[in-house]
Amino acid sequence: MEKVAAIILAAGPSSRLGRPKQLVEVDGQSLIERAFDTANGAGCEPVLIVTGANDQHVVARIRKCGAKIVKNVEWKQGLGSSIRAGIERLRKSDPETSAVLLMVCDQPLVEAQHLRHLVDVRRRTTKSIVCSRYAETAGVPAVFGREFFGELMQLGEHGAKQLLLSHPDQSAQISLPEAELDIDEEADIERLESRKRGLIFTRGKQP
């Protein structure tokens with residue numbers, strides 16, 4: 001069975017939120033710890049976490065979780081620089097890796113089963129890329145075969161979206177509405193809390 005690694009992109013400054021989103025807690029667990037558990041629960045090995053802004057605070061929270069930490073000193077250059085840092089480390093430390101799952105830490109409704117589905121679709125098809133579709137576009141989490149590692153190393157500040165869209169014949173898109181909710185500002189946290197309260201209430205109404 002092929003080896004699929006995960007790279008969690010967690011280097012952003014959270015400027016719109018005004019505090020490190022990586023440390024925002026959901027059900028008593030920080031978003032960055034939750035993302036690691038999700039990737040680990042999906043069977044990804046190794047799991048790399050790319051840090052940058054707020055590095056000391058983030059690393060202090062995840063140091064004991066078992067992830068490989070990659071510090072991106074060029075985080076101000078955008079998502080592409082974090083992807084490059086992660087792929088470069090992966091190529092050096094785990095050259096036998098056959099695919100990588102790219103994900104962010106601020107999609108708290110994405111669960112391990114969703115990631116496993118992406119990986120399974122890639123294994124069952126001939127597609128080199130399997131990405132998520134939500135909000136009428138394609139995005140992460142997404143799985144890339146190692147044949148795309150070179151192109152991932154060349155990405156600009158906006159991340160992998162253009163790469164996803166530029167190879168339609170080699171990619172598959174899987175509907176994942178749970179990925180639409182990401183944490184960028186306080187209103188997003190309120191939306192998440194409201195959604196979770198509604199879910200709890202709905203479950204409570206069941207006989």
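Guide: The chain exposes about 10500 Å², and carbon and sulfur atoms supply 48% of that area. Please keep in mind throughout that this is a predicted model.

Visitor: And the charges, how many positive and negative side chains are there?

Guide: There are 29 positive and 28 negative side chains in the chain, and the centres of these two sets lie 3 Å apart.

Visitor: What does the secondary structure come to?

Guide: The chain has seven helices and nine strands. Its radius of gyration is 16 Å, close to the 17 Å that the globule rule gives for 207 residues, so the chain is as compact as a globular protein of that length. The C-alpha trace spans about 50 × 40 × 30 Å along its principal axes.

Visitor: What share of the residues count as buried?

Guide: Of the 207 residues, 51% count as buried. As for how the chain is connected, if you take contacts between residues at least 6 apart in sequence, 69% of them join residues at least 24 apart.

Visitor: OK, going inside: which residues touch the most other members of the largest nonpolar core?

Guide: That core has 59 residues, and the ones touching the most other members are Ile8, Val100, Leu102, Phe144 and Leu152. Strand 1 gives the most to this core, contributing seven residues. There is also a second, separate core of nine residues, which includes Leu17, Val26, Leu109 and Ile189. As general background, nonpolar side chains tend to be buried together in soluble globular proteins.

Visitor: Pick Phe144 for me. What does it touch?

Guide: Not counting residues up to four places away in sequence, Phe144 touches Ala99, Val100, Leu102, Arg122, Ser128, Ile129, Phe149, Leu152, Ala160, Leu163 and Leu164. Val100, Leu102 and Leu152 on that list are also among the residues named for touching the most other members of the core.

Visitor: Switching to helix 1, which of its residues are buried?

Guide: The buried residues of helix 1 are Leu31, Ile32, Arg34, Ala35, Phe36, Thr38 and Ala39. The helix itself covers residues 31-41. In general, an α-helix has 3.6 residues a turn, so residues three or four places apart point the same way.

Visitor: Thr38 is on that list, so why does it count as buried?

Guide: Thr38 counts as buried because its relative accessibility is 9%, and the cut-off for buried is under 20%. Leaving aside neighbours within four places in sequence, Thr38 is in contact with Val110, Glu111, Ala112 and Leu115.

Visitor: Where is Ala112, and what does it contact from its side?

Guide: Ala112 is in helix 4, which runs over residues 112-124, and it is buried, with a relative accessible area of 17%. Beyond its neighbours within four places in sequence, Ala112 is in contact with Thr38, Gly41 and Ala42. The C-alpha atoms of Ala112 and Cys44 are separated by 9.9 Å, although these two residues are 68 residues apart along the chain.

Visitor: Which residues does the cis bond with omega of about 5 degrees join?

Guide: That cis peptide bond joins Val140 and Pro141, and Pro141 is found in strand 8, residues 137-145.

Notes. Residues are numbered from 1 along each chain as its sequence is written. This is a predicted model: local features need pLDDT of at least 70, side-chain atom pairs count only at pLDDT 80 or more; totals for chains, interfaces and linings use all residues. Side-chain values use heavy atoms; hydrogens and water are left out. A nonpolar core is a set of buried Ala, Val, Leu, Ile, Met, Phe, Trp, Tyr and Cys residues joined through side-chain atoms within 4.5 Å. Buried means under 20% relative accessible area, exposed over 50%, partly exposed in between (1.4 Å probe, protein chains only). Helices (H or I, at least four residues) and strands (E, at least two) are DSSP runs, numbered from the N terminus. Contact means heavy atoms within 4.5 Å. The radius of gyration is taken over C-alpha atoms; the globule rule is 2.2 Å times the number of residues to the power 0.38. Accessible areas come from the Shrake-Rupley method with a 1.4 Å probe; for residues, only the protein chains shown count as cover. Lys and Arg count as positive and Asp and Glu as negative; His and the chain ends are not counted. The place of a charge is taken as NZ of Lys, CZ of Arg, CG of Asp or CD of Glu.
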